Amino acid sequence: MINLTDRFCGLFFTLFGPMLFFFLIPTQVETVDFGAIRPKTMPQILSVIISVFGVVLMLKPADGTELRQQPWVKACLIIAILVTGLWSIAQIGFVFVAPPLALVLMLVMGERRPLWIGLGAVGMPALIGFAVTVLLERPLP
């Protein structure tokens, strides 16, 4: 029974991906006649990726690295940061809030490598902004 938790998590994501693909995305994404790609294309691709990595996690769980027993304080802090960040995005806008939000989250989670911090705090919000505004032709808040 090596890493039973990883196997259960992998099973969850293996089943969650098709649920997104077949039920949630078709009911929650609008069909439009304009744009380079259909709005449901990217979410469907990501749902397939979620399922594939769920299968990988089930078949090849982690090597038994032990986690700390009480990560509750840190988890609550991360949740508070996310809630505050999402509220701030709705009030101020994605462009101004996403980079500092990503930076704070990465630092709280323990990332200290400058390259990864730069990619996460600047690169990912820029990539998300490009994908949403240019490829999907949708406005960001």
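I shall speak about the helices, beginning with the annotated spans.

This is a predicted model, in which local features need pLDDT of at least 70 and side-chain atom pairs count only at pLDDT 80 or more, while totals for chains, interfaces and linings use all residues. Residues are numbered from 1 along each chain as its sequence is written, and side-chain values use heavy atoms, leaving out hydrogens and water.

An unreviewed UniProt entry annotates residues 41–59, 71–96 and 116–136 as "transmembrane region"; such annotations, given here in our numbering with shortened feature names, may be inferred rather than shown by experiment. Helices are DSSP runs of H or I with at least four residues, strands are runs of E with at least two, and both are numbered from the N terminus. Residues 41–59 are 100% helix and 0% strand, with end C-alpha atoms 28 Å apart. For residues 71–96, the figures are 88% helix, 0% strand and 30 Å.

Let us turn to helix α1, residues 4–28. At L20, α1 bends by about 45°, the bend being the angle between axes fitted to the seven residues ending there and the seven starting there.

Which residues of α1 are buried? They are D6, G10, T14, G17, L20 and I25, where buried means under 20% relative accessible area, exposed over 50% and partly exposed in between, with a 1.4 Å probe and protein chains only. Their cover includes α2.

Finally, Q44 lies in α2. Q44 counts as buried because its relative accessibility is 14%. Leaving aside residues up to four places away in sequence, Q44 touches F21 and I25, contact meaning heavy atoms within 4.5 Å.

Technical notes
Expected span 1.5 Å × (residues − 1).
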